[in-house]
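Reader: Please take me through the labels used for this model. I want each one set against its rule.

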Amino acid sequence: MAKIQVRNFPDDIFMRVEAAAARAERSIEAECRLALTEKYKPAQEESLTHRQRWRKDVAARLAFVFERLRSDGFFAWNEPSDVAHIARRAGEASPALLFDCLDGLDDMPFDLADRLSLSFGFNQSWLLSGEKTPFPAHNIGSSYHDFFSQPEEGKFSWELYRVTGGRHEGELICLKSDNKNGNKTLGYINEHFVLADGMGGGGRGNLEYFIRFLKENWPALSSYITTWVYEAADKGTDLGQHHPVFYQRLMSRSPGKWLIDMFEGRRPGDWLKEFDYELNDIKKIPYGRRDEKVTG
């Protein structure tokens, strides 16, 4: 058996051990052995109830999303982003409940989850169950007519990002902003077509229809659409993992005139060499009338 010899043991601690041993009618050696065994016994696997496990998981997701909002630049540079101010922004009278939820000590009420989701733009079902992604990202390949609808003059504005580099080459990210309340919606197209060669006849046809749609409605949209290039390289686009404002603050984005080039029948770059026939047809399409509204 191993032995432990301790030098310069504090007198006051020794006296406490001696008194405890006397009360339990044990030797000092046995008392020390018991104390050390209790202190360093193997950690038992934590056994949690379903409710305790759910609280713990929600707490972890809550902490993640708050930190992601901070790193994505959701908060203005002088805007506080501590838990107390987050709770206040969500309509809480006190941060106490939110602190308890972050510590896994209390249940996340559904109404608080709704208000947090609405205030900060993350996915409520992800917070409660871990399903889907932290932030909504919509595949608009078959519904871009609705995504680009303008129910009234100046209600929405859009930013279109062509992804360049890496395995997401040619993916189109569409960021929609409500100019009245500041809410942002992230859309993307990567299945119906890509802004790159090699997509086949079906993809080229879908891309032509999309560019036609934008050109025919351009007078109603031109003041509200900006186009960009996002150099993703090997970083990926992480759709659904960031708040939409993240894409507006990318250091790796730059303005691009690829959409206007396509309107005018010009090849926008070496990445679209197989689209010349469709570009020639797009060039012949007249721009729509300025008084027309974009509808589905």
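Predicted model: local features only at pLDDT ≥ 70, side-chain atom pairs only at ≥ 80, totals over all residues.

Reader: What makes an open space a pocket, and which residues count as its lining?

Author: The search runs on a 1 Å grid over the protein atoms alone. A pocket is an open set of points with protein on both sides within 12 Å along at least five of seven lines, while a cavity is a set where a 1.4 Å probe fits but cannot get out. Lining residues have an atom within 4 Å of a point. The largest pocket has 17 of them, and I4, E29, C32, R33 and L36 lie nearest its centre.

Reader: How much space lies in the largest pocket?

Author: About 670 Å³. A volume is the space filled by probe spheres set on the points, with grid points joined across faces, edges and corners.

Reader: Which element gives the largest share of that lining?

Author: Helix α2, with seven residues. Helices are DSSP runs (H or I, at least four residues), strands likewise (E, at least two), numbered from the N terminus. α1 (11-23) and α2 (28-39) each supply at least two residues.

Reader: What is the lining of the largest pocket made of, by class?

Author: Twelve nonpolar, one polar and four charged residues. Ala, Val, Leu, Ile, Met, Phe, Trp, Tyr, Cys and Pro count as nonpolar, Asp, Glu, Lys and Arg as charged, and the others, Gly among them, as polar. The second largest pocket has seven nonpolar, nine polar and two charged residues.

Reader: Which residues make the nonpolar surface patch?

Author: I4, V6, F9, I13, F14, M15, L36 and Y40, over about 840 Å². Patch residues have over 30% relative accessible area and no salt bridge; nonpolar side chains (Val, Leu, Ile, Met, Phe, Trp, Tyr) are joined within 5 Å, like charges within 9 Å. Areas come from the Shrake-Rupley method with a 1.4 Å probe, and for residues only the protein chains shown count as cover. α1 gives the most, with three residues.

Reader: Why is F14 called partly exposed?

Author: Buried means under 20% relative accessible area, exposed over 50%, partly exposed in between (1.4 Å probe, protein chains only). F14 has 36%, so it counts as partly exposed.

Reader: What makes R33 and E29 a salt bridge?

Author: The rule asks for a side-chain nitrogen of Lys or Arg within 4 Å of a carboxyl oxygen of Asp or Glu. The closest N and O atoms of R33 and E29 are 2.8 Å apart, so the pair meets the rule. Both lie in helix α2, four residues apart, about one turn of the helix. R33 is partly exposed at 47%, and E29 is exposed at 56%.

Reader: Where do R204 and E278 lie in the chain?

Author: Their closest N and O atoms are 3.4 Å apart, and they form a salt bridge. The pair links distant parts of the chain: R204 is in α9 (200-216), E278 in α13 (276-284), 74 residues apart. E278 has 11% relative accessible area, so it is buried.

Reader: How many salt bridges does the rule give?

Author: The count comes to 16. R51, R55 and D107 are linked in a network of salt bridges.

Technical notes. Residues numbered from 1 in each chain as written. Heavy atoms only, no water.
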